[in-house]
Amino acid sequence: MDSQSDIKITTEAPVRAPSSVPVDDAVLPFEVAELDLRGRLTRLGPALDDILTKHDYPPAVGKLLGEAIVLATLLGTALKFDGRFILQTQTDGPVSFLIVDFQSPDRLRAYARYDARRLKEGQDSGQLLGKGHLAMTIDQGQDMSRYQGLVALDGGSLEDAAHEYFLRSEQIPTRVRLAVGEEWRGGDGSGPKHRWRAGGMLLQFLPKAPERARQADLHPGDAPDGAVTHSVAEDDAWVEGQSLIGTVEDVELIDPDLSGERLLYRLFHERGVRVFTPLPLRAQCSCSREAVSAMLKSFAPKDRAEMVKDDKVVVTCEFCSSVYQFTPHEAGVEE
């Protein structure tokens, strides 16, 4: 006998008005079933501010790293297992290195390396990055294989790189929007207070019939001049989805007074939008005195000896700027 025969199952989602309460440091998954669209909306406030203010980055560098953090949250929160999603760039631009480490289900840390002498007023994200590559790594833990996707960076933005990644690696029609801003609000009499805010949206076309999501073949690169390139007419639903996400303005993504649900309703109410349980995010580094001690002991004895300055070994975490001090004996330096 079927134990579920007397249970009435409904797939209809409850209908309610969108919440007007803004929620920071969370990712809100959503679905527009009528257009076969699924996506995620992220809003970052205190967590982003905590990460960026630990290093006092120049505004342009902070904005770029903020964009990388938003992109990492949009992609990392899609993991269906306990693991890490690592977004990393290595380029020849003024910001030569970015890394965002997302550890499921909710921990974020990030760091940027830059040359202050090469920073100039008015540089956009593509000029700050320059040429190089973007790597996105999924680490499933010990004894499990790692997956890494690489995208060339050639003067474009992180949004451009994300689109290229999904086109080449995932072959899923995808659009991404990233926005980062600085907020100044009145303080307690000591002057205006500065805070970083960010937001982003990822939208994907996932129809049940895979042929509806077909995209044009990648350019072969060595085709003769005049050769006809492959083209595929985009599905009307995806054309509409791209049009809708294209209307999203940066200020809407970072507005502290506009809730994520209201933004999604503003975009998709004519088609109907369904939201799922928000996924919280927090800024938390994984460094510890024990982890740093183990790292020191992995170095060769000669290298450890060269780290001793003023009869101590000092290690600063690049992610969170925490400082750890050890005696030579604690660091494993031989007498």
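Trainee: How many salt bridges does the count come to?

Mentor: The count comes to 23 salt bridges, taking a salt bridge as a side-chain nitrogen of Lys or Arg within 4 Å of a carboxyl oxygen of Asp or Glu. Keep in mind that this is a predicted model, where local features need pLDDT of at least 70, side-chain atom pairs count only at pLDDT 80 or more, and totals for chains, interfaces and linings use all residues. Side-chain values use heavy atoms, without hydrogens and water, and residues are numbered from 1 along each chain as its sequence is written.

Trainee: Okay, which side chain does Arg271 meet in a salt bridge?

Mentor: That is Glu34, at 2.6 Å from N to O. Arg271 sits in the loop between helix 7 and strand 10 (274-275), and Glu34 in the loop between strand 1 (26-32) and strand 2, so the pair ties together parts that are 237 residues apart in sequence. Helices (H or I, at least four residues) and strands (E, at least two) are DSSP runs, numbered from the N terminus.

Trainee: And what about Asp106, which residue is its partner in a salt bridge?

Mentor: Asp106 pairs with Arg282, and their closest N and O atoms are 3.1 Å apart. Asp106 is in the loop between strand 4 (95-103) and strand 5 (107-114), while Arg282 is in strand 12 (residues 282-283), so parts 176 residues apart in sequence are tied together.

Trainee: Is Asp106 buried or exposed?

Mentor: Asp106 counts as buried, at 14% relative accessibility, whereas Arg282 is partly exposed at 34%. Buried means under 20% relative accessible area, exposed over 50%, and partly exposed in between (1.4 Å probe, protein chains only).

Trainee: Changing topic: which residues of helix 5 are buried?

Mentor: In helix 5 (residues 236-245) they are Ala237, Trp238, Gly241, Gln242, Leu244 and Ile245. They cover an arc of only 160 degrees around the axis, which puts them on the same side of helix 5; the arc is that of the directions from the helix axis to the C-beta atoms.

Trainee: Nice, and what covers them?

Mentor: The cover includes strand 2 (37-44), strand 8 (174-185), strand 9 (193-205) and helix 7 (260-268), with contact meaning heavy atoms within 4.5 Å.

Trainee: Last one: how many residues of helix 2 are buried?

Mentor: Helix 2 is mostly covered, with 15 of its 18 residues buried. Helix 2 (residues 59-76) reaches 25 Å from its first C-alpha to its last, close to the 26 Å expected, where the expected span is 1.5 Å times one less than the number of residues.
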